[in-house]
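Dear colleague,

I am passing on the structure below, and after it you will find notes on what came out of going through it. Please read the notes with the structure open beside you.

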Amino acid sequence: MNNAVMILLVAPYIGAVLAYILGKTKRELAFWVAEVVGGILFLASLVLFFKYSDTVIDINYTWIAFGNLKIPFGIYIDHLSIVMLLVATGLGFLDIHFAHDYMGDDPDQPRYYAKVLFFIGGMILLVITKDLIGAFIGWEFMGLASYLLISFWYYKSSAASAGMQAFLYTRFGDVFMLAAIALLFYYAGTVNLVELNEMANAGELDKTMALVVALFIFMGAIGKSGQFPLYPWLMNAMEGPTTVSALIHGATMVNSGIYIVARLFDFFAYTEALFIVANVAALSAFIGATSALVQKEIKKILAYSTMSHLSIAFVGLGVGSLAAGMLHLVNHAIFKALLFLGAGAVIYIAHHQKDAWKLGGLIKTAPWVALFMAMGSLSLAGVPPFSGYFSKEMVVAAAWEWGNGFTKTFVTIAALLSIAYITRLWILIFLGEPRHEEVGGSVHKPSNLWMRLPLGILAFVTLAISLWQSDIVHYIVGKEVVEPHVAGLAAFMLTGMLVIFLIVVGLYVKGLNLLYKIASHQFVITIHQILFNGYYVEAMITWISKNIVVNAIAKSMRWFDTNVVDYVVNKTVDWTKMVYRMFKAGHSGKIGTYMGQFVLGVAIIVIAILIIVKGL
Amino acid sequence: MSFIVLIAAGLLVPVFYRSNIFIAKMIAVAAFIVAAYFIYTGQSLNSVFSYFVMDDATRLMEFVLLATLAAVSLSLTGFERPLIAQMLFLAGASLAFLETNNFFMYIVLFEVIAIISYILVANIRNFYNAEGAIKAFIAGAVASGIILFGFALFSFTTDSFNYTDMNVSGKFTLIAVAIMLAGIFYKLTVVPMHGWAADAYSQVNHAAAAILSGVIKSVVLVATFKAFYKFLVVYPLATVLIFSFFAILTMTLANFMALWQKRISKILAYSSIAHSGYALIPFAAVASVYSYSGILYYAIAYIFMQTSVFLILNDLRRELGVKYLEDIKGLYKKAPLHSLIFTVQLFSLAGIPLLAGFLSKAVAFYAGVDAGLWWIVLIALLNSALAVGYYVWIIKHIYFDEPNNNVTINMSQGSLIGQLILLAGTVYFGIVASDVFSATISL
Amino acid sequence: MVAVDIIFAPIFLSALVYFMTKGAQHIAKYIALGWFVILFFIAFNWYNQLPADGGFLFLGNYLSVPQFGFELTLQIDALSVAMLLLTAALLILVVFTSWNEKKPAAYFSLLIMFSGPIFGVFMTTNVLWFFMFWELTLVPMLFLVGIWGAEERVYAAVKFFLYTHVFAMFMFVGFFLLYKQTGYWDLTLIKETALATPALIWWLMFLGFAAKLPVFPFHTWLPDAHVQAPSSISVLLAGVLLKMGAYGLIRFTVELMPVTTLQFAKWMLIIGLITTLYAGFLAIYERHIKKMVAYSSISHMGLVVVAISTMTYDGLSAALFEMIGHALVISPLFLIAGWLHHQTHTWYMDEMGGIMKKAPYAAAIFILAGMAALGLPGTMGFVGELTIIISAVKAYGWWIAVIALAGLISAGYIIWAVRRAIHGPMSPIVEKTAFTMSLPEKFALGIYAFLIVYFGINPQPIFDLANKAFSFFGGM
């Protein structure tokens, strides 16, 4: 096996163990192990990028042979994998680097770095595997790492609950994926991702079953990538350390749903599941973008924006443009990592104050961070020449050209609104006066090496990568890319964004009275409430799981178990006592009774014999 | 020869009652060993009278019987000494009972054993003993009358009393046999002729109860099976109906009765009655080749375990005054050896494997299945599972509860040797099944 | 050492150990440990000697009764060896986890005694002897639960004993009928004859195994017994005793009467499915930590029944893997649940909370084993679940993919348990408890964790055994 591939496969886990064990002896060692391993992984990915861009690495291996079946485990690294690898390991490396200061005070660093490395291992496994089973393994590894990292501060009730919620929501989707694996084994005879695409292109698959499988896989993707209706976990996941949010819930793990759809793009296209993908994603994009408008916590705003942008990428895939979707995935990963890490820096500076309404005026204390955040925000908003502009434009264009009305409308609204909430966020953090005494007073100074450097790199990349947008597209998709062209779209979008931008500035910087009047209207407050609570989807799911699953189904089963099944078992004791009492009546201890019984017995025998004799 | 040795020893033993009970015991044990030797060499009653025959099965049963009686006599003490001579007579009568092939002798010896059993229970020390003894006696007297009535009827219809030559056809015979069986059921404590047994077994001296419920019942089982075999085979329908009915009735009633008793002796008494129910299954299954193996195995296993539990209870009652279940709480601390042996023998009664109780049930019940009575066997097995309830409940008191006082007792050497003999029998016949089968079925 | 000694020696030696070590009781555990290690190596030796073609390795005939066609035939195949290795390994680990048990002489002599019949169950092919050993395993368990158990120990021990005993009786009649119809007590010989009316026999035997497994609705003894038993004994109950049921199901229904089993497979499937989901929901509702684990155990055994019901080469292999996986996964959960109760004196998860802070090692192992129980990749639980789902879908079609839901339900109770007991702020009870875990216990838990992960990543050795065991099914 190729050395670089071997390193990518194994190094994260060895690193995780080492980081934990060495970190237990000396705390800083955990960081250095993680940093080195993260660097090695990124280097290995670069090696693959430079050496294997012409050929595809294809390794096949049988993991389990049982009965008449074989469960394969293969490695398949093509351009798509390499791009994902670069994103995962590159951002992973920077994130670890950033954590040096951000997590510097935490006594549990060994645990932290071990989990992060384990997570990166899962992500790598997902993107380089050839089979759906390998993908599922990586998928679940990430799920576990995400769960453990969200609950990293397990002693906080909210963090513990958020972790549980994240695990169960994603698990809900994963179960469908597991079912999809089993179905594929039976109906397609393979779980090989490459072969599935080939079979789809050749039309060898039963269409109904393939549609079911595709939808099941998409259910997994919905869970993992925070789409409607399984998104609330993503918002609560912000309870974890911000570095975790940046890496896992902003830049990498949440992309895995998009990746798996992209990887099986031909299969999805064949089954016509893309139609559903596009519509679900458009709805999610709308929900995410609107909810992000009214959130208070910085990280929640970013989380909703993540959801919305992931959906935009999904829409790209859904309307049939692999290029648009993947391009947006890559761009989004970079600027979202930048924004999250920037938010991390802000939180670090402001003594772990996350409420945007309590921050403010930080541009004076942290100008560089403000600048980098601004670059990230512009990219997210889709302002040229930042990278976000190109990919978002492409998705919207694709939606206009190939999507239905629903998709078109909702994705456009979502794309336009991104400037609103990100501007609002930036203004609340950096402009005006400090609204909270802690923030106003002494602040943590972000260090150049550990905080500004990674932010700077990301800010640079998000700008610089604009130059190679079409190269990336061609690198991933390979063949001729059919680029959507919608006349006047760019102008429409930019105008729309400008108007929204002005409204936001008017509202939050100038404090226009008219706007306040609108905002305080009862109807608007109701809307605000709905948006703030993420359309009450979380409340609904919680209600269902609490009142239907636990308190109706499980409780009734428990009742049945104790009062019917076990009742019968325990009641046998009483029944034997009843029978005993019945029999006991005949045991008076008087010899006369016994003689009577004796005669009865003799009579039974004799009568029985007489009857038999008569019959003879 | 063996018969003479036993009777002679029985006459000699009372001489030493007053002076040295140890010598009396040794004489008895020696007599049992010598008798066993003569049986081994073939010089039992069969060498003198033509209506006694010796075969492998009889010999095996006789060895087991003598070993058990030796064990019992070793563990007797004090006022129980009259039992030694009575056991020697009982042994002599039992040998004749087992060896006979003449129906007339069978009836005579049945009465002899009945009389010995009245004498056994007549060792009266208190009111309860007296009550038990009287009940046993009156019930036995009625039963004897019925048996003799049946026998009188039977004697009109047959030319010969030899088991092989008996005339078994005719409606009259059937009725005669039925009446005789009714009497014999009394001795086997079959419900509803069991009323006396539940009281007598639990109220007379436990050593006597051990002989009564363990030894005598087993001997009667085997001898009766041999005596009635020909009738049972000739009237299959009546056999299956009557014996299945009484088997189920007996075991079910006895098990439910035992389940909620508080007196240990009463539990064991009802357990003994329940076992009679199980033992009727091979009678019902007489069509199977395994029925004789089943009954013999059952008798052998039963004689060891039932005797043993009553003897231990006798020890406990004497040393600790144990009567009720509460009295044996935490017994494992007070009397570890008693507890262990008691537990093993109770497990054997319950039908736990590697003990004779299991294999005997397996063989006896298989005979039932072999004869096509699988549903009766199923009921019997469920009954035996029910029975485990009260055996385990005794064990629960012994091991799972804490004692209410700190008295500890040791087992006397005589008891220990006696118990080890019985335990060896239980374990040996629980693992090795070939002896019984080679004695009853020739390949 | 001949094979038969391995079965009989411990039964009688246990009494010896009990009386000999009265003075110096701690010696008993070393004797037990030594004996179990010897057993493990003997089993391993047999593993190496297994015939390559998947047949039986003949070990000997004893105690022959030609008139009854009855003898103690000892022969083992890959399935038996898998069970023997598992049993020996668990016994060794049990010695470590009960290192500081009260009344060690009695405790370890009972454990030694247990090792005899349990080996016998897996080694003999004689139906009657199988039944004898099957019943005999109950005896040491009765005492181990009844004497060393928790508050409700007597109720639990007696219920367990009677319940399984009653259902064994049905099986016993089934065995009788089996002999009556074929004239053989030996499995390998019965297999070659044609059974006339096996439906009755099948159901009678199934009842016996079903109560042991246990499956709905014969499961209620399990939560009581497992909860009240000391944790190490819960390990043996879940790891070995339940496996006897699954082993019996494979040996006596699948191998002996494949046609009849196929006929009733749908019933097995339905029962297995109901058990899996029903016990899963019960586990979700449970506050009692050990009961939760116990229901999880039932739920997983339901999956085993589903796998067996497929009656295919791969389904059975998956079942065998899940049997071993279940044993190794559920054991640490039981151990830690019992240990937590021992430390905090509460059974209820909502009264715990924040264990992670005080006892990180136990918490980590609990999470790992919990992840295995919910089928997370990289652990044995995943491989078992995956192979079972695949083989079930292959056998029954698309709709059976609903058993994937088991993965969600188990995630529900495991993660919720972790949320309540392990994570979260420290509860007052935990706050004032000083947690201590002995070194042998830590060692044993570490071994469990290692095995769960090792066989989760490299499951092929177990599947090789399974392939050998069920190769006769290859053509079907």
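**What was found**

Leu149(A) lies in helix H5 (residues 132-150) of chain A, where helices (H or I, at least four residues) and strands (E, at least two) are DSSP runs numbered from the N terminus. Please bear in mind that this is a predicted model, in which local features need pLDDT of at least 70 and side-chain atom pairs count only at pLDDT 80 or more, while totals for chains, interfaces and linings use all residues. Residues are numbered from 1 along each chain as its sequence is written, and chains are lettered from A and ligands numbered from 1 in the order in which they are written.

Leu149(A) counts as buried because it has 28 C-beta neighbours inside 10 Å (buried requires 20 or more other C-beta atoms within 10 Å of the residue's own, exposed 12 or fewer, and partly exposed is in between, with C-beta atoms placed from the backbone). Apart from neighbours within four places in sequence, Leu149(A) is in contact with Lys115(A), Phe119(A), Gly240(A), Val244(A) and Ile248(A), a contact being two residues whose C-beta atoms, placed from the backbone, lie within 7 Å.

Also in chain A, helix H10 (residues 242-251) and helix H15 (residues 322-349) pack at an angle of about 165°, with their axes 9 Å apart; axes are lines fitted to C-alpha atoms, for helices over the stretch in contact, and angles run from 0 to 180 degrees between N-to-C directions.

Turning to chain C, its secondary structure comes to 21 helices and 2 strands, and 70% of its 476 residues count as buried. The C-alpha trace of chain C spans about 65 × 60 × 40 Å along its principal axes.

The contact between chains C and A takes 46 residues from chain C and 39 residues from chain A. On the side of chain C that touches chain A, H18(C) gives the most, with 8 residues, and the residues of that side divide into 29 nonpolar, 13 polar and 4 charged (Ala, Val, Leu, Ile, Met, Phe, Trp, Tyr, Cys and Pro count as nonpolar, Asp, Glu, Lys and Arg as charged, and the others, Gly among them, as polar).

With best regards
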